[in-house]
Amino acid sequence: MFGSGPRGAANPQTWAASELLTFTTDVRSGKVPDILGPGQEDRRASGGGGRVEAVFWVEGVRTQWRIRGDAWVVGPDIGGGGEGGEAVKLALKGRMRVGEGWGWEGEREAYFAAMGRELKKGLAGPPPGEVSKGGEQGEFDEEKAKRNFRLVVVRPAEVECVDLTDPEISKRWIYTFVEREGGKGEWKMEELNP
C-alpha cells in the first residue's frame, strides 16, 4: 500500500498507512497515457486521474475483490512544484496517514530500490511490447532503468466483495468511499444481492 512501502535509506522506517494500492510500470508502456488522460501528454511528468478497475480472486478463501477508482503516476518530478506532481499529492494525501520523516521522493526511491535485478534490467531494455531480439545478458544501465520507472497509485472509490466460501450461501457487499472536505472520508458498506 502506498505510504507504507519498502523502507531503506531513501525513506527511513516511519509510521505510515493508506488504502492506496500500488504497482510499478515502465513509462514507455501503453497504460501510462491511459492513466494520465487527455491534456497530460508529457509521459515524463507525474499526473493522472484515469479510471481503473482491478479484480483479485483469492482461491484460499474463495473471495473475489473488485476495486474501482482512479490511478496516479508518481514520476521523478514528484518532489518539485510541477503541476502534475501537485495534482498527485492533492489527490492522494487525504487518504494517507504518514509520520514524520516520510516523503514522496523517498517512497518512490524505496520502491525502485526494492525491485529485483531482472525488473530493473527490463526497464533499461527495449520498450515494452517491442519484438524481442533475444535475451540480453550482463550489465544494464541502472540510471536508464530509473528514468523509465514509474510508481502507479490506485485510489479506490468502490470495493466490491463476493464471498463464495459456502457455495450454498453466496454473499456480496460493496464499500463506497464517501469523501469529505480535504480528501478525508469514510467507507460506507451495503449488502448486495449475490
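Of the 194 residues in the protein, 39% count as buried, meaning under 20% relative accessible area with a 1.4 Å probe and protein chains only, where exposed is over 50% and partly exposed lies in between. This is a predicted model, where local features need pLDDT of at least 70 and side-chain atom pairs count only at pLDDT 80 or more, while totals for chains, interfaces and linings use all residues. Residues are numbered from 1 along each chain as its sequence is written, and side-chain values use heavy atoms, with hydrogens and water left out.

Switch to cartoon. You'll find five helices and eight strands (DSSP runs numbered from the N terminus: helices are H or I with at least four residues, strands E with at least two). From the N terminus on, the order reads β-β-α-β-β-α-β-α-α-α-β-β-β.

Now select Phe 2 and Trp 102. Their ring centres are 5.9 Å apart and their planes sit at 90°, so this pair is edge-to-face. (Rings of Phe, Tyr and Trp, the last by its six-membered ring, pair if their centres lie within 6.5 Å; planes under 30 degrees apart are stacked, over 60 edge-to-face, the rest tilted.) The pair links distant parts of the chain, 100 residues apart: Phe 2 is in the segment before strand S1 (16–18), Trp 102 in the loop between strand S5 (96–98) and helix H3 (104–114). Both Phe 2 and Trp 102 are buried. A search of the whole structure turns up five aromatic pairs.

Next, colour H2. Its buried residues are Gly 84, Gly 85, Val 88, Lys 89, Ala 91 and Leu 92. What covers them includes strand S3 (47–58), S4, S5, H3 and S6.

The charged end of Arg 95 sits over the ring of Phe 177, 3.6 Å from its centre, and that of Lys 120 over the ring of Phe 112, at 4.6 Å. (The test: NZ of Lys or CZ of Arg within 6 Å of the ring centre and within 35 degrees of the ring normal.)

How values were computed: Contact = heavy atoms within 4.5 Å.
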